[in-house]
Amino acid sequence: MKVEIAEHGRMSESGSSLLRLIQNQDMPLLDLLVRESVQNSLDASNGMAPDVKVDFSIGQFQSADLNKHLDGIQKPLDKRFPNKKAYNYIAVRDSNTHGLTGPVSYDKVVNNEFGNLLKLVYEICKPQQNEGAGGSWGLGKTIYFRVGIGLVIYYSRICQNGKYSSRLAACLVEDETKRDALIPHGGGVKRGIAWWGKADRWNSKKTVPITSEHEIKDILSVFGIKPYSAEETGTTIIIPYVKKQALLDEVYAKNEDADLKPYWAKSVGDYLRVALQKWYAPRISNPQYPYGAYLTASVDGVKIKSTGMLPLFRTVRELYILASGGSLNSEALLADPQITCNVESVDLRGVLSGGQSAGKFAYVKLTDKQLLMLPPENNKAPYQQITNSDVHMENGNIPIIMYTRRPGMIVGYDFDGPWTHRMPKSAESEYVIGLFVINSGNKLKNIKDSGSAGELSLEEYIRKGEKADHASWADRNISGNNPRIVTNIQKGLFRKITAKYSERTIDTTEKRNIGLGHALANILLPTSDFGRVATPPQRPGGSGGGGTSKPPRRKSSLSFGSGMRYMGDRIAVDFEIFMKSNTCDLSLLLLTDFKKYKAEKWESDDEIGKAFPLHFVHLTIEGIRPNGKNATEISKNLNIDTIIMSCNDEDVQAELITSERFAVPSTIRISSAVSNTIVRGTLEFTSDDPRFKGIIDLKEV
């Protein structure tokens, strides 16, 4: 094949910079390879078959057989890889996909439609444009250059206008600053990028993919790969000169305990098999996948069956089916009648135009026996199935939370981050596992999609907030507005897990919960003014002519009713506030033997430096009386909580304010349209630690 060496130009990427574009140093390369390559295949589904087939194969080849096809670098390749032994390669082959369609050269591009071929082989930062696609940056394909020496071969068979044809090209991306760089250099600025194919008939300095079936078959035979045949279409990515041990060293470090090393960390093939389950469990062999083709995945031709998956990923797959409205068959792990699965909607009020549901949350608590961790199965703990390393938990197990959008790839596993922060632990032999599935079709209220005339979909909001490695979700500003959707979803999951399992955690018994409830009642409710009505003083009057005198000045005050209600580790209590001014703050203060702490002081590095343990969870305003006791009450039904942080109407507003450092909801600000107003409602609050004492402080703002 003829070589084309990329020339340096303005705003052009160099090979060394391309290799750093996906700045994910935490995830092993094999995981990144699986995540990105499978997503590319799923995005290219032809829409006619019920599934997309993806097969990873690991094999060997002779260097001389390959090097002779690579004009310009044959000699340095022969020197670096002498033909004395076989070398390793990894190939990713998909079928039931469109393949690398589109023009083969830029002079054929119409209306800026580059097509799959140019985007994958010759371009960077050209993402998929179809809604619900996996990528939003066009950078995921750079992972191919990091797995081996930077050399990648692209082979595809397509059908255009009823005619089948094949295409094959190669690309090398290397660090141009290294002394042993392979690409020849004739002076000037090195770029470290080259392509191979046949000469472009319109520009002899450029190359396009080769299309000769005979020549393509000759190159594929180097790796023992068969060409597509009959009506088969798809793409095969071949990465030669792979160092298998170097890839495995990323998976399980040498300083880790060798006795705890899982079997899949000892073989590239086994690891790929587990990585496919880890990231694509929702879509593997799942005909109930609601958005099109499901995934049929295999390694070295051996299909991954749902019943043969590791227990955690099998659970994830079944939770996805339940969250998507599907049903489980009798072979399902969660079909056990002793297992209770929960599927609940996560609602966001005032944000979405297509109803309140931001998605479904499916979760379950399983024992070590139900997760097949005991003899004779002896499966590793769920944490090790995620991280490969043995993870030791103290005082119980933290929940494992996953989240995904329309493509069905698990974006991330969280058991020590923002998705599971402050969630209750379970017993050492129990594991809470939850999966959140975004409601892709819902729309953001009054927020337009820049690519269309309609409202922005929830799917696109999340997709465009992902980084290039698609390893996490984040909130972002849109036209100066931040709807805080991800943050509020996380808070919603916290509330559901806490409500379901907080009374059954490893160190909290039913008796302890009741005790905590009474302790909070005694601690947080003030002993003075308890049960009194918060009314302003009577205006003096009578026949003595004192009706024109003004009432004495009185500060705002807070009082509580006696009907406390215990709900696990929370208390609900009725309240009344007399608001002398238009705005008042209700703040939780923590009491010690020496001082009172507000949340900001407690969380500062000068003091405790940890999250404030007391927090509000809900407020309902049921009525207001402007101008005091004798006024007619105006009925209200205004609510705020840790998801909906504020409420507004023409008479009264309320806002839940979080601490700056750890975002603990420790203050409620209430504002009325007029002064001397009485506000009536219900408060709910809780404590992370029953050892601490606190009070509610009322302050005029």
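Guide: Start with the term: two strands count as paired if DSSP finds at least two bridges between them. Keep in mind that this is a predicted model.

The part to look at is an open sheet of five strands. Read across, the order is β11-β12-β15-β13-β14. The pairing is mixed. Strands of a sheet pair through backbone hydrogen bonds, in either a parallel or an antiparallel sense.

Go to the edges. They are formed by β11, residues 341-347, and β14, residues 410-414. Each has a single partner strand, so one side of each is left without a neighbour in the sheet.

Now look inside. Strand β13 covers residues 400-404, and strand β15 covers residues 430-438. The two pair in the parallel sense, over five bridges.

Next, the helices. Helix α10, residues 311-323, packs on the sheet. It touches β11, β12, β13, β14 and β15. Its direction makes about 45° with that of β15. Helix α13, residues 485-501, packs on the sheet as well. Its contacts are with β11, β12, β13 and β15. The direction of α13 makes about 35° with that of β12.

Then the charges. Side chains of opposite charge can pair when their charged atoms come close. The structure holds 19 salt bridges. Two of them matter for this tour.

One is the pair Glu344 and Lys496, with the closest N and O atoms 3.2 Å apart. Glu344 lies in strand β11 and Lys496 in helix α13, so the pair ties together parts that are 152 residues apart in sequence. Glu344 is partly exposed, at 24% relative accessible area.

The other is Glu466 with Arg405, where the closest N and O atoms are 2.9 Å apart. Both partners sit in loops. Glu466 is in the loop between α12 and α13, and Arg405 is in the loop between β13 and β14, so parts 61 residues apart in sequence are tied together. Are these two buried or exposed? Glu466 is buried, with a relative accessible area of 2%. Arg405 counts as buried too, at 4%. The cut-off used here is under 20%.

Back to edge strand β11, which runs over residues 341-347. Cys341 is partly exposed, with a relative accessible area of 26%. Another cysteine, Cys584, counts as buried at 2% relative accessibility.

Arg680 forms a salt bridge with Glu633, with the closest N and O atoms 2.7 Å apart. Arg680 lies in strand β28, and Glu633 in the loop between β23 and β24, 47 residues apart. Arg680 counts as partly exposed at 25%, and Glu633 likewise at 30%. Both belong to a network of salt bridges that also links Glu576, Glu622 and Arg625.

To recap the sheet: β11 and β14 stand at the edges, β13 and β15 run parallel, and the helices α10 and α13 pack on it.

Definitions and conventions:
Residues are numbered from 1 along each chain as its sequence is written. This is a predicted model: local features need pLDDT of at least 70, side-chain atom pairs count only at pLDDT 80 or more; totals for chains, interfaces and linings use all residues. Side-chain values use heavy atoms; hydrogens and water are left out. Helices (H or I, at least four residues) and strands (E, at least two) are DSSP runs, numbered from the N terminus. Contact means heavy atoms within 4.5 Å. Axes are lines fitted to C-alpha atoms, for helices over the stretch in contact, and angles run from 0 to 180 degrees between N-to-C directions. Buried means under 20% relative accessible area, exposed over 50%, partly exposed in between (1.4 Å probe, protein chains only). A salt bridge is a side-chain nitrogen of Lys or Arg within 4 Å of a carboxyl oxygen of Asp or Glu.
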